[in-house]
Amino acid sequence: QVQLVESGGGLVQAGGSLRLSCAASGRTFSSYAMGWFRQVPGKEREFVAAINWSGSNTYYPDSVKGRFTISRDNAKNTVYLQMNSLKPEDTAVYYCAATRTSSSVVSAYRGDLVDYWGQGTQVTVSS
């Protein structure tokens, strides 16, 4: 069992930056690919970023590519999402996700592959 706890959400003006953190419990963090998703009320959960178990591969959709960066520190059991040049349309609840896998490929990462979800953290970008 893995527990994921997100932090770092908040209110920021358009053009600003935030860094989300996701702390994972357990001793097998490096066995998991990690991802971030976001959701707006009334809409489906949207994939935001993924990183493989070692941190050597990352993947982003076009909507955040070049603005968001996912990284991980396996010694600290933590994954991060650095969000720059934020836009009002980035406003959502952001969820951390974990998938147990030995694969280094994360370009197909999606919600139905997730084994564990965090509780979410609100990000609000004002215009």
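Predicted model: local features only at pLDDT ≥ 70, side-chain atom pairs only at ≥ 80, totals over all residues.

Residues are numbered from 1 along each chain as its sequence is written, and side-chain values use heavy atoms, with hydrogens and water left out.

Reader: Which cysteines form a disulfide?
Author: A disulfide here is a pair of cysteine sulfur atoms within 2.5 Å. Searching the whole structure turns up one. Its sulfur atoms sit 2.1 Å apart, and the partners are C22 and C96.

Reader: Is that disulfide left-handed or right-handed?
Author: The handedness comes from the torsion about the S-S bond of C22 and C96. That torsion is about -85°, so the disulfide is left-handed.

Reader: Which residues is M83 in contact with, leaving aside neighbours within four places in sequence?
Author: Contact means heavy atoms within 4.5 Å. With those neighbours left aside, M83 is in contact with G16, S17, L18, L20, R67, F68, Y94 and V123.

Reader: Is S63 buried, partly exposed or exposed?
Author: S63 lies in the loop between β6 (58-59) and β7, strands being DSSP runs (E, at least two residues) numbered from the N terminus. Buried means under 20% relative accessible area and exposed over 50%, with partly exposed in between (1.4 Å probe, protein chains only). At 34% relative accessibility, S63 is partly exposed.

Definitions and conventions. Helix = DSSP H or I, 4+ residues; strand = E, 2+ residues; numbered from the N terminus.
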